[in-house]
Amino acid sequence: MRPAPPEWLTQRSLNRDNVDSVHVGRCWAAKDRGRCRRGTREQALNALRSQAPPCVHCRTDRAFGRGTDMQSPGRRTGRG
């Protein structure tokens, strides 16, 4: 049996220092598994909060739902 796919993937840049993008685990665009790392929901959310772009194909930002606060607590903007 094959192992279950991860829920979330973080893709590293070519220099492997920065997160290049965040993917849903079954995203077809995350084929290069050498640059992708399995991650938890919290790790993926933290990467998005740290300005890592969501994948344009699997739309990771939408996978978290509209009620999820994508901004870090120190950078909140808006009326209140």
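Start by selecting Gln51: at 57% relative accessibility, this residue counts as exposed (over 50% relative accessible area is exposed, under 20% is buried and anything in between is partly exposed, using a 1.4 Å probe and protein chains only). You'll find Gln51 in the loop between α1 and α2 (60-63). Check its backbone too: Gln51 has a positive phi of about 75 degrees although it is not a glycine.

Two notes before moving on. What you have open is a predicted model, where local features need pLDDT of at least 70 and side-chain atom pairs count only at pLDDT 80 or more, while totals for chains, interfaces and linings use all residues. Residues are numbered from 1 along each chain as its sequence is written, and side-chain values use heavy atoms, with hydrogens and water left out.

**Zoom out**

Switch to cartoon view. The chain has two helices and three strands, where helices (H or I, at least four residues) and strands (E, at least two) are DSSP runs numbered from the N terminus. Trace the chain from the N terminus and the elements come as β-β-β-α-α. Of its 80 residues, 30% count as buried. The accessible surface comes to about 6,000 Å², and 48% of that belongs to carbon and sulfur atoms; these areas come from the Shrake-Rupley method with a 1.4 Å probe, and for residues only the protein chains shown count as cover.

**The sheet**

Now select the strands. There are three of them in an open sheet, ordered β2-β1-β3, with antiparallel pairing; two strands pair if DSSP finds at least two bridges between them. β2 and β3 are the edge strands, each pairing on one side only. From one strand to the next, the twist averages 25 degrees.

Focus on β1 (residues 8-12) and β2, which pair in the antiparallel sense over five bridges. Pick Arg12 and look across: Val19 in β2 stands opposite. Contact here means heavy atoms within 4.5 Å; the angle is taken between N-to-C directions on a scale from 0 to 180 degrees, with axes being lines fitted to C-alpha atoms, for helices over the stretch in contact.

Then follow the hairpin of β1 and β2. Six residues sit between the strands, and Arg16 takes a positive phi near 60 degrees there.

**Inside the fold**

Show side chains for Trp8, Val22, Ala44, Leu45, Ala47, Leu48, Ala52 and Phe64: these eight residues are the largest nonpolar core. A nonpolar core is a set of buried Ala, Val, Leu, Ile, Met, Phe, Trp, Tyr and Cys residues joined through side-chain atoms within 4.5 Å. Which helix gives the most to this core? Helix α1 (residues 41-49) does, with four residues. Center on Ala44, which touches Trp8, Val22 and Phe64, leaving aside residues up to four places away in sequence.

**Charged pairs**

Side chains of opposite charge can pair when their charged atoms come close. The structure holds three salt bridges, each a side-chain nitrogen of Lys or Arg within 4 Å of a carboxyl oxygen of Asp or Glu.

- Arg35 and Asp20: the closest N and O atoms are 3.0 Å apart. The pair links distant parts of the chain, with Arg35 in the loop between β2 (19-24) and β3 (36-39) and Asp20 in strand β2, 15 residues apart. Arg35 counts as buried at 16% relative accessibility, while Asp20 is partly exposed at 34%.
- Arg49 and Glu42: here the closest N and O atoms are 3.8 Å apart. Glu42 is partly exposed, with a relative accessible area of 43%.
- Asp61 and Arg59: the closest N and O atoms are 3.1 Å apart. Asp61 is partly exposed at 24%.

Stay on Arg59 for a moment. It lies in the loop between α1 and α2 and is partly exposed at 32%. Arg59 also has a positive phi, about 50 degrees, although it is not a glycine.

**Last stop**

Finish at Gly34, in the loop between β2 and β3. Is Gly34 buried or partly exposed? At 38% relative accessibility, Gly34 counts as partly exposed. Draw a C-alpha to C-alpha distance from Gly34 to Gln11: they are 23 residues apart in sequence and 8.8 Å apart in space.
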